[in-house]
Structures are given as C-alpha cells and as structure tokens.
Amino acid sequence: MTQQYRVVLSGRTLSGGALADIKDNVGREFRLQGEQLERMLSGKPVVVARSATAEAAEKLASRLRSVDLQARIEPLAAAVAPTPVAVPPEPPRELPAASPLPSAVAAATSDELFALIAPRPVAEASASPGGGQDGADPAAVAGGEVVCPKCGALQPKRTLCRQCGLDMPRYLAAQAAAEAQAREERAAELAARRSTSGGSRPASGAAQAAVIGIGFAGRLGRLDYFAGSLVSSALWLAFVVLAVYVGKPAFVGFGLFLSLIYSLRCIALRLHDTGRTGWLALVALVPLLGALMALALLFIGGDADENDHGMVPAGGGARVVMALLALAVLSGLIFRGIGQNPEMTGRFLQAMRVGQGDAVAAEAEEDSVEPGAPVNYARNNRIDIYVIAGCTDCERMRAWLDANRLAYTLYAVDSDNGAAERLHSIIAGDGQARINLPVLEVNGKVLPGNPDIGEVHRQLRQEPGQ
C-alpha cells in the first residue's frame with residue numbers, strides 16, 4: 001500500500017513575521033475567506049491535508065511555503081495530533097435562506113481545512129466559464145462530489161484535489177480561457193484570410209451546397225461526396241442509354257463531358273470541406289494521381305467548425321440512398337431493354353467504348369498486317385461475327401473491324417437463340433467440335449476458334465490498287 005502523508009501548518013511564518021501581514025496573500029492563493037481563513041491563521045497547528053501521496057503533499061507544502069507559511073509533512077503512522085483549536089460558540093444570528101454558510105459550518109467538523117469550502121450557489125456555477133450546458137461544474141458529479149479533471153480522483157466537493165493537490169476551479173477556468181482564446185485566434189485567422197483574398201464571411205444561416213447543382217461555392221461532406229460520385233456515374237449511363245436508343249454515339253461523348261465537369265465540382269466542394277482550395281480539383285485530370293485523390297477524399301474528414309467556404313455540412317445518408325436507386329433503375333433498364341436485343345447490345349458495347357476506344361483501337365491497329373500503310377478494304381465484303389457478352393477477344397476483333405471501317409453483322413449467341421443455332425450449324429458443317437469465340441464468316445469462309453487478324457485480312461477483298 002502506498003505510504004500516505006499529511007500536511008500540517010505549524011502556526012508560524014517562515015520569515016518570523018506576523019500572520020496578519022500575509023492574510024491577504026493566503027486568502028488569494030487558496031481562495032479562502034471568513035472562518036476558514038481565520039482558522040488557517042489562528043497561530044496554532046492546523047491539518048490542511050490529512051491523507052495524500054508524497055508528491056501531492058510536497059506540492060501543497062510548497063504552495064504554503066510560497067506564501068510564507070511554515071508547513072511540515074508527516075507520515076500518517078508517525079503523525080501526532082495537533083493541539084485542537086478552541087472556537088467559542090458564536091451568538092445565534094439570522095441568515096438568508098440562500099446563504100451557503102450553513103453548509104460550511106456543517107462541514108467544519110472535518111479536520112482537513114480545505115474540505116470546508118462550501119459548494120457554489122447554482123447561479124454562480126451556471127456563470128462559470130467552465131460550466132457545462134446545464135450550468136453545472138464539469139468536474140461535479142451527483143451527491144456533492146467532484147472528479148479531479150487532472151488525475152480523475154473522486155472526492156467530496158473541495159477546492160484542492162486531495163490526490164494531486166490541483167486547484168480544480170482555477171484549472172477549469174484556465175482550460176475555458178484557453179479554449180476561448182483558441183476560438184478567437186481561429187476567428188482572427190479566418191478574418192485575415194478573407195481580408196487578404198477579398199472574400200466575405202458566409203452567412204451563418206446559409207444553406208449547404210446541394211449535391212445536384214452547378215455552383216462551385218460551399219462544402220460537401222463525405223456522404224454527399226459519395227452520393228455525387230454515384231450521380232456522376234448515373235449521368236454518364238443515362239447518356240449511354242440515350243445514344244443506344246437514338247443511334248447517335250455523339251450523345252455518349254456529351255454525357256462523358258457533363259459527368260467530368262460534375263465530378264470536378266464535387267471534388268472541389270469536398271476540398272472546401274477540408275479547408276483546401278477547390279483549384280486542387282484539377283489534379284483529378286492527371287491519370288492515376290487524380291483517381292487516388294478522388295478516392296482519398298472519401299475518407300478524409302472535414303473541418304469541424306465553420307471555415308472560409310461555409311458552415312459544416314450535415315446529413316447525406318438519404319441522398320446516398322436516392323443516388324443508389326437512380327443507378328439501380330438505369331442498370332435495370334440496360335439489362336431488360338438492351339441486354340436481350342442483339343442489335344441494342346452491339347450499340348451499347350460500341351457506346352461503352354467511347355472514351356476508351358482509342359486504347360482499344362490502338363491495340364487493334366498493332367495487329368494490322370501492314371501497319372506502315374493504310375489498307376482500303378472493299379465495301380462489298382460480307383462479314384458475320386458471332387460473339388458473347390464479356391468476351392475480350394470478341395471486343396478486340398470488333399475494334400479492329402471498326403478501325404478499318406468494315407461493316408459487319410453481329411450475332412450475340414448468349415441472348416439470341418437463332419444466332420446460337422446458326423453458329424452450331426456452320427461450325428458443325430465445318431467439322432469443328434469445340435466452339436471458341438469469336439467466330440467469323442468472311443465472304444462465305446468460316447473462320448472459327450478466334451482467328452488472328454492476318455487470317456481475317458487474307459479473306460477480305462481490297463479496293464483495286466491495294
């Protein structure tokens with residue numbers, strides 16, 4: 001068990017002067033007055049801490065010596081009871097009903113001086129800088145006890161912590177003052193930024209930035225940013241579906257452009273939420289680095305307080321659900337209205353290649369028989385191609401045909417039973433037991449088993465002079 005000590009005042013000053021000369025200094029240092037202060041300076045031994053660790057006892061003794069009071073530290077086992085102080089009874093007097101003095105008198109039976117501090121009135125507590133939302137002392141708990149904000153020791157209501165010797169009211173007041181100063185410095189910093197940049201302080205009641213909009217002012221939280229990512233994908237898919245139904249691939253490019261602008265807006269507003277400039281959104285245009293930044297913004301927290309770009313954004317869960325529903329509706333439309341129609345499927349796959357078609361076409365051109373000179377194929381070539389959804393080789397062959405401006409008839413064997421039966425008939429007639437897609441029929445010649453580009457080239461007719 002840790003050795004406990006007590007701190008005892010001898011009743012004399014260190015300098016040998018009169019106790020009355022240091023009365024004001026003692027009262028200010030320990031926040032004592034009235035009977036408590038008189039008892040402390042009675043000129044007789046007084047116990048000021050009855051049970052404390054060696055460190056806490058030394059801290060308290062140092063504070064007492066700093067105001068010229070002679071104090072000693074005694075182990076509890078060897079402590080000798082001080083001479084009791086005879087206090088003559090006072091004549092009865094009337095006290096106001098709200099006076100805290102009865103509580104102090106009732107506590108006077110304790111032999112520990114600093115346990116005599118009476119609780120503050122409710123009105124005083126509510127006005128304390130460290131008071132909580134209900135006006136109570138943050139260190140106070142039920143039953144008139146307090147928890148030391150530094151060491152966490154639970155003890156009867158008092159000024160000095162019996163465990164570490166901390167002046168709890170002063171400590172809480174200092175914390176509140178430090179927080180207030182930090183808020184003032186933050187406000188001054190924001191004001192300086194606004195005056196330098198020529199901006200104006202956002203109105204306190206200003207609405208947060210909308211997920212769907214065209215403005216670049218305001219802030220987006222993480223949930224709204226995720227919802228914006230879903231809306232960007234849904235916007236692009238909507239134009240893809242439109243291009244498939246009207247047969248105009250240009251709509252896909254326009255949708256891709258709108259989706260890019262909207263994505264840059266969402267990234268800029270998310271950067272505003274983190275206290276950064278929205279111009280950093282242009283980093284999203286850099287390959288790989290932009291994707292990493294856009295992904296990181298899903299996890300980086302925003303400023304907890306108002307910043308130069310507006311108030312703290314709230315909510316976002318409902319908007320995420322709505323964006324997911326919109327994306328699900330578009331996906332269902334693509335599956336039901338397009339996926340089961342071979343012609344529509346071909347248009348859809350061609351539309352999906354917009355924006356990435358350059359890379360596919362470049363890969364297809366690498367397989368060209370004569371990459372150094374263009375090849376002009378005759379327009380009367382008859383080409384049938386049998387494909388299945390998700391087949392990389394099929395897409396590669398189609399990209400090569402498109403790059404060489406060759407018209408072809410597409411047969412999706414996974415969604416068209418007639419195309420599947422036709423494929424089986426021509427493969428069986430050609431003596432093939434195993435089908436490997438794509439299969440091409442070029443000018444009446446069946447090319448099974450994913451033929452290479454050179455073989456297809458040899459079966460095609462070219463314009464005269466080639």
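I looked up the second largest pocket and found about 580 Å³ of space in it. A pocket here is an open set of points on a 1 Å grid over the protein atoms alone, where a 1.4 Å probe fits, with protein on both sides within 12 Å along at least five of seven lines; its volume is the space filled by probe spheres set on the points. The second largest pocket is lined by 21 residues (those with an atom within 4 Å of a point), and closest to its centre are Ser-232, Ser-233, Ser-259, Leu-260 and Ser-263.

The model is predicted: local features need pLDDT of at least 70 and side-chain atom pairs pLDDT 80 or more, whereas totals for chains, interfaces and linings use all residues. Residues are numbered from 1 along each chain, and side-chain values use heavy atoms, without hydrogens and water.

I then noted that α7 (222–246), α8 (250–273) and α9 (289–296) each supply at least two lining residues (helices are DSSP runs of H or I, at least four residues; strands are E, at least two). α8 gives the most, with eight.

Next I checked strand pairing. β7 (residues 383–387) and β8 (residues 409–412) pair in the parallel sense over four bridges (pairing requires at least two DSSP bridges). Asp-384 stands opposite Thr-409 in β8.

Finally I examined Ser-10, which lies in strand β1 (residues 5–13). Ser-10 is buried, with a relative accessible area of 10% (buried means under 20%, with a 1.4 Å probe and protein chains only). A polar contact of 2.8 Å joins its side chain to that of Gln-70 (N or O atoms within 3.5 Å, one able to donate a hydrogen and the other to accept it).

Key: Buried means under 20% relative accessible area, exposed over 50%, partly exposed in between (1.4 Å probe, protein chains only).
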